[in-house]
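This note is written for a reader who is meeting the structure below for the first time. Please read it with the structure open.

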Amino acid sequence: MPHDPTAGGYRDENVEALSQGQRRQGLAPIRGAPIDSGEVSAMRALVYHGAGRKQWADVPMPEIKDARDAIVRVDAVTICGTDLHILKGDVPAVTPGRILGHEAVGTVESVGAGVGTVKAGQRVLISCITSCGTCRFCREGAYGQCLGGGGWILGHRIDGTQAEYVRVPFADTSVHALPDGVPNESALLLADILPTSYEVGVLNGHVMPGDVVAIIGAGPVGLAAVMTARLFSPRHILVVDPASPRLDAAKRFGADLVARSEQEARDLASDVTDGLGVDVAIEAVGIPETFELCAALVRPGGRVANVGVHGRPVTLHLEDLWIRNVTITTGLVDTRTTPTLLQMVDSGQLTADGLITHRFGLGEMLDGYDVFSQASDSGALKVALFRTD
Ligand code: NAD
Ligand code: ZN
Ligand code: ZN
């Protein structure tokens with residue numbers, strides 16, 4: 001899900017004070033935190049307790065509340081930059097007591113009476129976007145804009161996936177049955193990162209064969225944009241990021257040109273396009289400078305696809321752009337391409353291997369957060385946590 005790229009570096013001091021043993025056992029006591037360890041049907045989950053406070057805690061098991069719900073046992077889950085953003089207290093819709101997480105793979109435990117296509121025992125992908133399936137926007141495939149109670153709700157408005165079990169509303173239209181050939185680790189990336197970069201970056205930007213594509217930002221979203229842009233055989237993929245390890249990753253994923261600075265990016269873009277500019281510029285950072293760089297790099301008639309989430313106003317240089325026929329797109333991921341991406345991963349046409357750099361047991365959730373939030377030291381791209389029992 002969208003997040004503020006400046007959110008990195010978050011560190012929970014309460015958690016820091018705990019011993020490794022406590023953390024491994026998930027016994028992290030946080031002052032004033034409710035623990036329901038007396039509950040007969042309890043499970044462990046990552047609970048948000050307000051800005052700067054999180055806990056891997058005992059909480060009640062989720063229950064079916066609506067006939068369209070499913071309860072899913074979480075087998076693999078990941079952490080998103082959005083979760084770090086929430087933990088800074090910057091997403092007020094997330095209230096204390098909320099279980100975080102919106103990307104997971106699991107096994108269906110039980111379903112409500114109104115669920116038709118999803119069955120207990122089935123291995124499913126839990127998408128970051130939930131869809132009611134019937135509202136005007138869901139009928140158009142714009143699930144991110146769902147008016148019927150879906151959209152981005154998991155780990156936001158309702159309890160999420162960083163838990164042993166999760167309740168998923170509108171199960172028929174919100175989970176995806178997984179083919180046997182797609183391992184949990186590959187499927188995890190289909191919950192958010194791959195559809196985001198593909199839909200909001202590559203498809204919105206109309207990447208075409210022979211294009212020169214610039215991707216600004218080489219975090220998980222920018223790197224996934226490299227992978228999915230390649231599906232269209234572009235002539236060059238230029239990736240811009242100040243962090244050298246991220247540029248090395250971009251090269252591994254298929255970028256043939258990399259730049260650490262704006263000037264380097266302008267020079268390279270000019271060199272390979274005879275001074276015209278790139279066909280498509282994908283913004284995958286979310287700060288004014290990088291949007292403006294996209295607008296500066298793109299050729300007349302080219303496309304700027306903004307993926308990054310912006311927390312500050314951005315200057316739109318219409319005085320330069322109006323005469324150059326530039327198209328600018330924005331968007332929240334809908335995950336309407338998830339079935340296609342799933343087929344491509346299953347057939348081997350798309351491989352996301354390498355995006356997950358660190359693996360943990362589910363009970364090591366706090367270690368996973370530490371590594372992910374210290375990406376510049378740990379080299380983490382995505383971390384994955386797996387059920388171990
Ligand atoms: P990230 O923070 O992991 O990566 C951002 C990258 O940008 C980092 O590698 C950083 O070094 C680089 N960067 C920072 N300043 C830069 C600059 N001036 N020029 C070039 N690169 C620079 O983020 P991510 O998880 O890859 O996500 C990228 C963006 O996509 C975020 O803004 C996120 O909120 C957004 N997002 C949007 C959607 C959507 O639906 N539109 C969904 C998910 C994520
Ligand atoms: Zn996310
Ligand atoms: Zn809907």
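1. The model is predicted: local features need pLDDT of at least 70, side-chain atom pairs count only at pLDDT 80 or more, and totals for chains, interfaces and linings use all residues. Residues are numbered from 1 along each chain as its sequence is written, while chains are lettered from A and ligands numbered from 1 in the order in which they are written.

2. Ligand 1 has 31 residues around it, and Gly217, Gly219, Val221, Gly286 and Val309 come nearest (a residue counts as near if its C-beta atom, placed from the backbone, lies within 6 Å). By class, this shell has 17 nonpolar, 11 polar and 3 charged residues. Here Ala, Val, Leu, Ile, Met, Phe, Trp, Tyr, Cys and Pro count as nonpolar, Asp, Glu, Lys and Arg as charged, and the others, Gly among them, as polar.

3. Both domain 1 (5-192 + 335-386) and domain 2 (194-329) give at least three residues to the shell around ligand 1; the bounds come from an automatic or database domain assignment. Helices H7 (193-203), H8 and H11 (288-297) each supply at least two residues, and the largest share, 3 residues, comes from H8. Helices are DSSP runs (H or I, at least four residues) numbered from the N terminus.

4. The axes of H7 and H8 come within 8 Å and cross at roughly 70 degrees, which makes H7 roughly perpendicular to H8 (65 to 115 degrees; under 35 counts as roughly parallel). Axes are lines fitted to C-alpha atoms over the stretch in contact, with angles from 0 to 180 degrees between N-to-C directions. On the H7 side the contact includes Ile193, Leu194 and Tyr198, and on the H8 side Pro220, Val221 and Ala224; contact means C-beta atoms, placed from the backbone, within 7 Å. By class, the contact of H7 with H8 has 9 nonpolar, 4 polar and no charged residues.

5. H8 (residues 220-229) also meets H9 (residues 244-253): their axes come within 9 Å and cross at roughly 20 degrees. H8 is therefore roughly parallel to H9. Leu223, Val226 and Met227 of H8 make the contact with Ala249, Ala250 and Phe253 of H9, and by class it has 6 nonpolar, no polar and no charged residues.

6. The axes of H10 (residues 262-272) and H11 come within 11 Å and cross at roughly 20 degrees, so these two helices are roughly parallel to each other. Glu262, Ala265, Arg266 and Ala269 in H10 meet Leu293, Ala296 and Leu297 in H11. The residues of this contact divide into 5 nonpolar, no polar and 2 charged.

Key: Angles under 35 degrees count as roughly parallel, over 145 as roughly antiparallel, 65 to 115 as roughly perpendicular and the rest as oblique. Two residues are in contact if their C-beta atoms, placed from the backbone, lie within 7 Å.
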